[in-house]
Amino acid sequence: MNGSYDDSYDVVVVGGGVSGTAAAAACAQAGKRALLLSSSLDVTGLPSYGPVVGAAVGVVRRELAALPASIRGSWGPELLCDERSGLVVMDPRNVSLRLKWALENMPGLDLRQATVVAVEWKFGRGRVGGGIEVFGALKEVFRARACVLAPGLGLRGSIRMGEQELSGGRYGEVPADELCDQLEVAGVALTQRSLLVGAVLWTPTRLLGLAKGRLSRAEDDAGSVALGVDEIGESDLEADLAGDPWVGEVKKALGGDVEPRALAGLVGDCLREKSEEGGASRLAGGAGSVGEDGADGACGRRLSGGRGPVPDLALIPPPGPSRRVAFLNRKGQGLVPTGQALDEWYLAGGLEIDRLTRIGFAVSRLPYVVNSCGIAAESDRPAMGERVWVTGRCRGANTYWESVKDGASVGRQVVALLQETTLR
Amino acid sequence: MTGYDVVVVGAGHAGCEAALAAARMGCRTALVTLNLDKISLMPCNPAVGGVGKGQLTREVDALGGEQGRNTDKAYVQIKMLNTSKGPAVRALRAQTDKRVYEDCMKRALAQTPGLDVVQGEAAEVAVSRETISGLRLADGRQFPCRALVLATGTFLNGRIVVGNWSSAAGRVGELPATKMSASLQKAGLALGRFQSATPPRIDGRTIDPARMAVQPGDDLPSGFSHWQRPARRRQLSCYLTYTNARTHEVVAENLHLSPIRTGSVSGKGPRYCPSIDRKIMNFPDRDRHPVFVEPEGAGTWEMYLQGLTTSLPVAVQEKIIHATPGLEHARLVRPGYAVEYDFLPPYQLSHALQAHGVSGLFAAGQLNGTSGYEEAAAQGLVAGINAALYVRGDPPFILRRDQAYIGVLIDDLVTKELDEPYRMFTSRAEYRLLLRHDNAAERLAPFGRALGLLSAEQLAKVEKRAREVDRATDVLRGALVKGSAANNAALVGLGSAPLAGSQPAFQLLHRPELSFEDVMGLLDDTDKGLLGSLDPEVATQIAIRAQYDGYIQRQLADIARRRSTEMTMIPSTMDFGSLHGITIEARQKLARFRPETLGEASRISGISPSDISVLMVHLHRMRSQAGTRLAGRGEVAAAGVAVDVVEAE
């Protein structure tokens, strides 16, 4: 690239959520120049509907290996599981932080904040001379040979939460209505059944309060704020919890066969791989092989001959506790920790909230329902012409895990298409 | 739904401080925010502090607030500014990792007993008999409460603008709050419209550091917090470049597209943090403007372009960036944009940040027409404290202009008409030699302790240090430096005049050319032993005391002289309309701002000294008629927190 900013890409991915990040990573890993567009880079890759991954432990463990390295390295270390119920959970915030850093560091992949309002495929649909133009709300134009649409539930997304009706695919965020209108009007590559109303998603309640309960209890005992759940050692976590009166209260409130569970990691191979890559984070948090190319040397790296090695996650010692306890029954119902910094819990499986609020939990997020337009796409075929692909929630993926897999798979198919296409 | 003592709306820099303070003071508190994933977000620059602002953060910390501590946890670079200048303008500035900053603040919230965070859109304030009774969310939930703190930032009817495009949003990609403004107006509050803007972000790997000046952090950084030192870590650098004729040409060519020119931004923007468009319009003669390239964090390559704020069309933004030395190949990652929002002109608030017309309603931060995380945190802390005091039925906590920058900030806000977003500067503080970065804890920790926001140990630590400063000062006053050949040679070597006889070391510290260490080198061994090893912060305070003794004494005398006027209370029942002998404008202004003391009245723009004399005479007459003693402000504030007023130095 000679350091010059070349605004023409092999692939533009529209939407920086779970499937979009996977698709972009798959393209970049195969050596394609990819651009990932997101209307808010702050939430790049954020699995925002809760901490449950949505696939069984065995499946996740098996399929993790097949994901692009940066995706595997971002999700892997965050995935914890409860062996007995088979539930796999993660901290959405941490997944998002890891994903953004990993993608920023992928050679050939650029991230950019832009709200896409139109995708046009120029010069017909053939394999020769085709080109895509993606338009941003601020009149930006991005050119590419192919495009992957991953708008999630943003296409005319509307949310119902309590008495409130508001637009958006995610609560509080601006929906992608203009893009939806344009796709509908453009018609060209849309089959009659391409746009379906009906992707509906429901997010469960989230609650606050386990650490707080423990903190206030500790305060009663010792007169000062002492411990949170995080400070309990992992090895004897369950034994510790068994004798804990607060935990007893939570169990009673949840009823039935719900037990406190120490969540086990799935980290193994992902962590090994990371240390082999040699972590060149920008800050020395003390440990690690933070080389000379830390602070100052890092800048201009791209100018002086390509990007450097893929660095490790560069967070200053990861903030917050590593929460490792859930309350679950065998069916995977119960309380699952999410948002570790904020001490939020996710109520999985429709248990009664009242019984929890009575013992000190507070509702932090109400459940809400999202309605949005979907794009019909046959399982592994492009949806609109050869060069525009669709992935993720908007074509029916139901869980994060389906979205990740679908994103990666669509990314690979786009790469394959580009490779057999001779003309640039 | 259970009720709360205090509900805070908005979880930005003001809202978090308000909620933490109220909960720590024992109130059952709810913090309501539109998006729990964006708590304590830094939507603009990745930094805390700077001249004027840094003092605010130190004061927040000295009172038991969170911003200083949080910044120390999340820093990627710390630097003391103006070390070569006078102590009044010395200030700390830290670059932070934005994501880590958010997570640290979330943890602080999560660990505070009695504090709940709630996601939802605040839609309506419930007011009965001119008193707050609760908050209604757009989803239908009701939160009965006794006090409500509004800290909504730029979200009230927020609209973002780039070139001729605009869209309803509080920040880019986020929906605004569209219902609260009407509810506030219904409650009798007037709203205005302000504007702010943020520069584009670029990929840090595409800049050319060789064409810029590297700006590293301090070797052994001291932090904002008085209570713990920041962890040592490898720091990230900032880079300094300047715009040039090419940059200015590009801006000038495209000015007709600027929202400021086209009128697509109607709100008033900050004159002191102007966009590059405005700089080129207002200062056509300047041939360059500085641009600081700052990291947005350790976990991203994104960098912030301080100095290139603009809401010109994106294509123009890219041209401006590429015309600037060192940024020729920079890749734009996020376009800059302007945001326009409803604000609550703060003349409608008391010094406790409580609305005049609605008891129990407090407001803080950008909603009050300020800009900056530090100004927001300072107001949030004061609003949270006063909400808690109000719930308890205690008198409000009010800091005076001679006690803290926070006092200057709030006094300016509630007694002056804002015609642009307010930002703190040292020049706004008439007693800035007293309101220094280094003595924030001595000034304010007693209040923090009395309010219950600091522990006894924390206060003891501050008092111990103050005693140490006194002790060492006494030693240095007694320690004579002899005019020996060796000492005089050393003095001449340092560019200072030799001594004829001997002189107390403290007096030698008056010499600006001598550093504290220089003078220490001249002490004999007995005095060195007497002095012992001094904490660097103690040494700094002694040096400042020695060098600025005269000025400091003068400022203290000035404060004492003014106090009687300053503190004369104006009864809240005062009918300004019936005042004769003052101008109509003065009468209207007084009725509008409703000053509580003569001092406040004197600072209202458009009020002349002769108006004040008339008011003084009138008050005197009222007093002799009523035969009542009018309490001074200092007594009220001190009663509220049960401490004596501390004098700096």
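This is a predicted model: local features need pLDDT of at least 70, side-chain atom pairs count only at pLDDT 80 or more; totals for chains, interfaces and linings use all residues.
Let's start with the interface. On the chain B side, 75 residues are in contact with 70 residues of chain A. Putting the two chains together buries about 6,400 Å² between them, and carbon and sulfur atoms give 56% of that. Three residues stand out here: Arg205(B), Arg234(B) and Trp301(B) supply 13% of the area that chain B buries against chain A, more than any other three residues.

Chains B and A share 26 residue pairs in polar contact, counting pairs with both residues at pLDDT 80 or more. Several elements of chain B give two or more residues to the side touching chain A, among them β4 (75-81), β6 (115-119) and α9 (314-322). The largest share comes from α4(B), with eight residues. By residue type, that side of chain B divides into 33 nonpolar, 18 polar and 24 charged.

As for salt bridges, nine cross the interface. One of them joins the side chains of Glu163(A) and Arg136(B), at 3.2 Å from N to O.

Now the cysteines. A search of the whole structure turns up zero disulfides over all chains. For Cys373(A), the nearest cysteine sulfur is that of Cys180(A), 3.8 Å away; Cys373(A) is in no disulfide because a pair has to lie within 2.5 Å to count.

| Residue | Relative accessible area |
|---|---|
| Cys81(A) | 1%, buried |
| Cys373(A) | 6%, buried |

Notes: Residues are numbered from 1 along each chain as its sequence is written. Chains are lettered from A and ligands numbered from 1 in the order in which they are written. Side-chain values use heavy atoms; hydrogens and water are left out. Contact means heavy atoms within 4.5 Å. Buried area is the accessible area (1.4 Å probe) that two parts lose on being put together, summed over both. A salt bridge is a side-chain nitrogen of Lys or Arg within 4 Å of a carboxyl oxygen of Asp or Glu. A polar contact is a pair of N or O atoms within 3.5 Å; within protein, one must be able to donate a hydrogen and the other to accept it, and residues adjacent in sequence count only if both atoms are side-chain atoms. Helices (H or I, at least four residues) and strands (E, at least two) are DSSP runs, numbered from the N terminus. Ala, Val, Leu, Ile, Met, Phe, Trp, Tyr, Cys and Pro count as nonpolar, Asp, Glu, Lys and Arg as charged, and the others, Gly among them, as polar. Buried means under 20% relative accessible area, exposed over 50%, partly exposed in between (1.4 Å probe, protein chains only).
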